[in-house]
Amino acid sequence: MSTQVLTTDTRAGTTRLHRAVSADEIRAYRDVVRAASGTVSVDQGTASPVHPFVLAWKAFDQAVTLVTSADADADDDGPKVVHLSQEIHQQRPLRADEQVTLDLEILGARRDPRGVRLALQSVLLGEDGTPFAELLTGLLLLGATSPAPFGNIPPAPAHATSTWDAVVTKRIPAELPRRYAEVSGDYNPIHLDDDEARAAGFSGVIAHGMSVIAVVCEEVIDRYGAGDASRVRGVGGRFSAPVIPEQPVAVHLQPDPSDDTVRFNCKTPQGVAVKHGWVRLADRSAGEGR
């Protein structure tokens, strides 16, 4: 995958990244996700609502490297990173070949029995300098001792419900972690190497959390959004347990017309893997949100 990174400037807990995403990258990402979802491929020219996270991942890597430099040594790549929660709010989808500027700030850090928790806020600006997407990301740095606690860890929104409109069973294919790494650029070894995954406390390779959310988004787009990905204005969820490839994943869905939100959670045989999930849809007349 061509990341098309133009320049990166890292300083004092903030990162600025410039890059563009080609139409081929947008199509390839949705091809992989929709194949895993089992949904019919339509409207692939519109970026997945998860693609802003894909674009931001390299900036996350830069920020983590910056703040954990005290934990790294010549024989170590630094702490292993576990994704805890994600929110994406967007006014419109990411556009092909548009040079995007991403500004990332680390909002806070706090100690955790397993390492250090980080909260990151990212803002994506289009070529005209207008913000069009914001991401709030929670990470756990396993075994880390730095940075020292600072700032705030915003609470993740709770989109809970006890009733469900539909339950759809998905199965994450064994090849998805490798294919998803290729189209997303996220080569975290816990998704690709059994030994690395076991060292992080898992039974073996686990699926990328955002690949699971991307699969759910495609189901929501088809089932509740008339196949129009440009209607998605936000998506989020909290990762509470890993998804093991080839295991069934029961996706519980509940639309709420009062706030144009489809709530969801994902359950595996081991329990809830994604909780308090949500996808917010704009009215069809809103188009791309220009």
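Me: Which residue in β11 does A250 stand opposite?
Reply: A250 stands opposite K267 in β11. Strands here are DSSP runs of E with at least two residues, helices are runs of H or I with at least four, and both are numbered from the N terminus. The model is predicted, so local features need pLDDT of at least 70 and side-chain atom pairs count only at pLDDT 80 or more, while totals for chains, interfaces and linings use all residues. Residues are numbered from 1 along each chain as its sequence is written, and side-chain values use heavy atoms, with hydrogens and water left out.

Me: How many bridges join β10 to β11?
Reply: Strand β10 (residues 248-256) runs antiparallel to β11, with 7 bridges between them. Pairing requires at least two bridges found by DSSP. The two strands form a hairpin with 4 residues between them, and D260 in that turn has a positive phi of about 55°.

Me: Is β11 mostly covered or open?
Reply: Mostly covered, since 7 of its 8 residues are buried, where buried means under 20% relative accessible area, exposed over 50% and partly exposed in between, with a 1.4 Å probe and protein chains only.

Me: Where does R263 lie, and is it buried or exposed?
Reply: R263 lies in β11, residues 261-268. R263 counts as buried because its relative accessible area is 13%. Its bridge partner in β12 is W278.

Me: Which side chain does R263 have a polar contact with?
Reply: The side chain of D256, at 3.3 Å. A polar contact is a pair of N or O atoms within 3.5 Å; within protein, one must be able to donate a hydrogen and the other to accept it, and residues adjacent in sequence count only if both atoms are side-chain atoms.

Me: Switching topic. How many helices and strands does the chain have?
Reply: The chain has 5 helices and 12 strands. Of its 290 residues, 53% count as buried. The accessible surface comes to about 12300 Å², and 47% of that belongs to carbon and sulfur atoms. Those areas are Shrake-Rupley values with a 1.4 Å probe; for residues, only the protein chains shown count as cover.

Me: What share of the contacts joins residues at least 24 apart?
Reply: 70%, among contacts between residues at least 6 apart in sequence. Contact means heavy atoms within 4.5 Å.

Me: Which residues touch the most other members of the largest nonpolar core?
Reply: V50 and L118, in a core of 67 residues. Helix α2 (residues 51-67) gives the largest share of this core, 10 residues. A second, separate core has 9 residues, including V82, I190, A197 and F202. A nonpolar core is a set of buried Ala, Val, Leu, Ile, Met, Phe, Trp, Tyr and Cys residues joined through side-chain atoms within 4.5 Å.

Me: What does L118 touch?
Reply: Leaving out residues up to four places away in sequence, its contacts include V64, V67, I106, G108, T137, L139, P147 and I153.

Me: P147 again, then. Where is it?
Reply: P147 lies in the loop between β6 (131-142) and β7. The peptide bond from S146 to P147 is cis, with omega near 5°.

Me: Which strands pair with β4?
Reply: Strand β2 (residues 14-20) pairs with β4 (residues 99-112) in the antiparallel sense over 7 bridges, and there L17 stands opposite L102. Strand β5 (residues 115-125) pairs with β4, also antiparallel, over 11 bridges; L104 stands opposite S122 there. β4 and β5 form a hairpin with 2 residues between them.

Me: How many disulfides does a search of the whole structure find?
Reply: 0, with a disulfide taken as a pair of cysteine sulfur atoms within 2.5 Å. C217 counts as buried because its relative accessibility is 1%, and C266 does so at 0%.
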